[in-house]
Amino acid sequence: MHRTLSTPPTLAPGCLAGAPQPVLPVAGGGGLLLRPWERADARAFFSAYEDEETRRWHTHRPSTVAQVEEWFDGYRQDWEREKGCHWAVARDSGEVLGRMALRGVDFADGVANAAYWVLPAARGAGIASRALAAVSAWALDDIGFHRLELDHSTRNEASCRVATKAGYLLEGTKRSSAVHDDGRHDMHLHARIRGDR
């Protein structure tokens, strides 16, 4: 069903797909950047889901490296269709350290949902929060999104720290909101809006 908005959309069609997906620098040193996924990254991406901690919090996971390559094709289509933005968090040498994404893109309200993980060897160095801050600044300041949200299990204290360090305020708890391997979890809802610092 098509509905006509009584207000103009926050974001104009083409504000994403009108240009190639950008490579975004990550502040704080170490030669970090966010770049589109490449087929050569498939093995590193898959290895994240072989890690028990990553699997604990992510129930949507690939079963083979070939499936990861299919996901990468889908990520490129998401950009072209302006449905989502997916980046590898990497060193400028090419080494993959993690994942950053904006999903559920809503141009009418100017809202998207952030998602992320980092590989075990990259944890504890502030990489996830720095990468989240970088993609958030790009989305809010450069593209014109109004609000970015993210949620995580209330039991995932590390993800809560990442969100808070990147300027995402805790807005509340969504009770029994998501299914994990061990059952339903309450989820913290965080958000950052344009103008937050």
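Tutor: Let's start with H180, which sits in strand β7, residues 169-180. Keep in mind that this is a predicted model.

Student: Why is H180 called buried?

Tutor: The relative accessible area of H180 is 7%. Buried means under 20%, so H180 counts as buried.

Student: And what is H180 in contact with, leaving aside its neighbours within four places in sequence?

Tutor: The list is R56, W57, T59, S153, H185 and M187. Take R56: 124 residues separate it from H180 in sequence, yet their C-alpha atoms are 7.3 Å apart.

Student: On to helix α3. How do you know that its span is close to the expected one?

Tutor: Helix α3 covers residues 65-81, 17 residues in all, and runs 24 Å from its first C-alpha to its last. At 1.5 Å a residue, 24 Å is also what's expected.

Student: Which residues of α3 are buried?

Tutor: V68, W71, F72, Y75 and W79 are.

Student: What puts them on the same side of α3?

Tutor: They take up an arc of only 105 degrees around the axis, so they share one side of α3. The cover over these buried residues includes α1, β3, β4 and α4. On the face turned away from the buried side you'll find the exposed residues E70, E80 and R81.

Student: Now the rings. How many aromatic pairs does a search of the whole structure find?

Tutor: The search finds 13.

Student: What makes Y49 and W117 an edge-to-face pair?

Tutor: Their centres are 5.8 Å apart, and rings pair if the centres lie within 6.5 Å. Their planes stand at 85 degrees, and over 60 counts as edge-to-face.

Student: Why is the pair of F72 and Y75 called tilted?

Tutor: The centres are 6.1 Å apart and the planes meet at 40 degrees. Under 30 would be stacked and over 60 edge-to-face, so the rest, this pair included, is tilted. F72 and Y75 are 3 residues apart in α3, about one helical turn.

Student: How do you know that F72 and Y75 are buried?

Tutor: F72 has a relative accessible area of 1% and Y75 has 11%. With the cut-off at under 20%, F72 is buried and so is Y75. Both also belong to a cluster of ring pairs with W37, F45, Y49, W71 and W117.

Technical notes: Residues numbered from 1 in each chain as written. Predicted model: local features only at pLDDT ≥ 70, side-chain atom pairs only at ≥ 80, totals over all residues. Heavy atoms only, no water. Helix = DSSP H or I, 4+ residues; strand = E, 2+ residues; numbered from the N terminus. Buried < 20%, exposed > 50% of the residue type's maximum accessible area, 1.4 Å probe, protein only. Contact = heavy atoms within 4.5 Å. Expected span 1.5 Å × (residues − 1). Arc of directions from axis to C-beta. Phe/Tyr/Trp six-rings, centres within 6.5 Å; stacked < 30°, edge-to-face > 60°.
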